[in-house]
Amino acid sequence: MTASDFKKVFKQLNSKPVVKQKFVKHNKPKARKIGIASKKCERCGRFGAHISSYGLNLCRQCFRETAEEIGFKKYS
Ligand SMILES: [Zn+2]
């Protein structure tokens, strides 16, 4: 199981509905209101270095890659 999204396991479990039900009951991560796990990059799913200003919701790595496409300009 990957840490990025626990729902990725559903791909295998869709053929076994009872096992899937039990898996969700015991392995569903808690819905967080505060803390680092409450914010997640929309593009790659990282938790660290989150940029939420201007409603971006990206990590710094994804921001660097997509900044010019979004419309940011580098002045230095
Ligand atoms: Zn990212």
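Is R43 buried, partly exposed or exposed? R43 is partly exposed, because its relative accessible area is 44% (buried means under 20%, exposed over 50%, partly exposed in between, with a 1.4 Å probe and protein chains only). The model is predicted, so local features need pLDDT of at least 70 and side-chain atom pairs count only at pLDDT 80 or more, whereas totals for chains, interfaces and linings use all residues. Residues are numbered from 1 along each chain as its sequence is written, and side-chain values use heavy atoms, with hydrogens and water left out.

R43 pairs with E65 in a salt bridge, with 2.9 Å between the closest N and O atoms. The two residues lie 22 apart and link distant parts of the chain: R43 sits in the loop between α2 (17-27) and β1 (50-51), E65 in helix α3 (residues 60-70). Helices (H or I, at least four residues) and strands (E, at least two) are DSSP runs, numbered from the N terminus. A search of the whole structure gives one salt bridge (a side-chain nitrogen of Lys or Arg within 4 Å of a carboxyl oxygen of Asp or Glu). E65 is exposed, with a relative accessible area of 53%.

A zinc ion is coordinated by the SG atoms of C41, C44, C59 and C62, at 2.2 to 2.3 Å. Donors are N, O and S atoms within 2.8 Å of the metal (3.2 Å for Na, K and Ca); water is not among the atoms, so sites may look incomplete. Along the chain, the donors of the zinc ion follow the spacing C-x2-C-x14-C-x2-C. The arrangement is tetrahedral because the four donor atoms subtend angles of 103 to 115° (for four donors, all angles must lie between 85 and 135 degrees). C41 is buried, at 5% relative accessibility. C44 is partly exposed, at 37%.

Two residues other than glycine have positive phi values. A49, in the loop between α2 and β1, has a phi of about 50°. A49 is partly exposed, with a relative accessible area of 41%. Y54 lies in the loop between β1 and β2 (58-59), and its phi is near 60°. Y54 is exposed, at 73% relative accessibility.

Terms used. Tetrahedral: all angles 85-135°; square planar, octahedral: opposite > 155°, others 65-115°.
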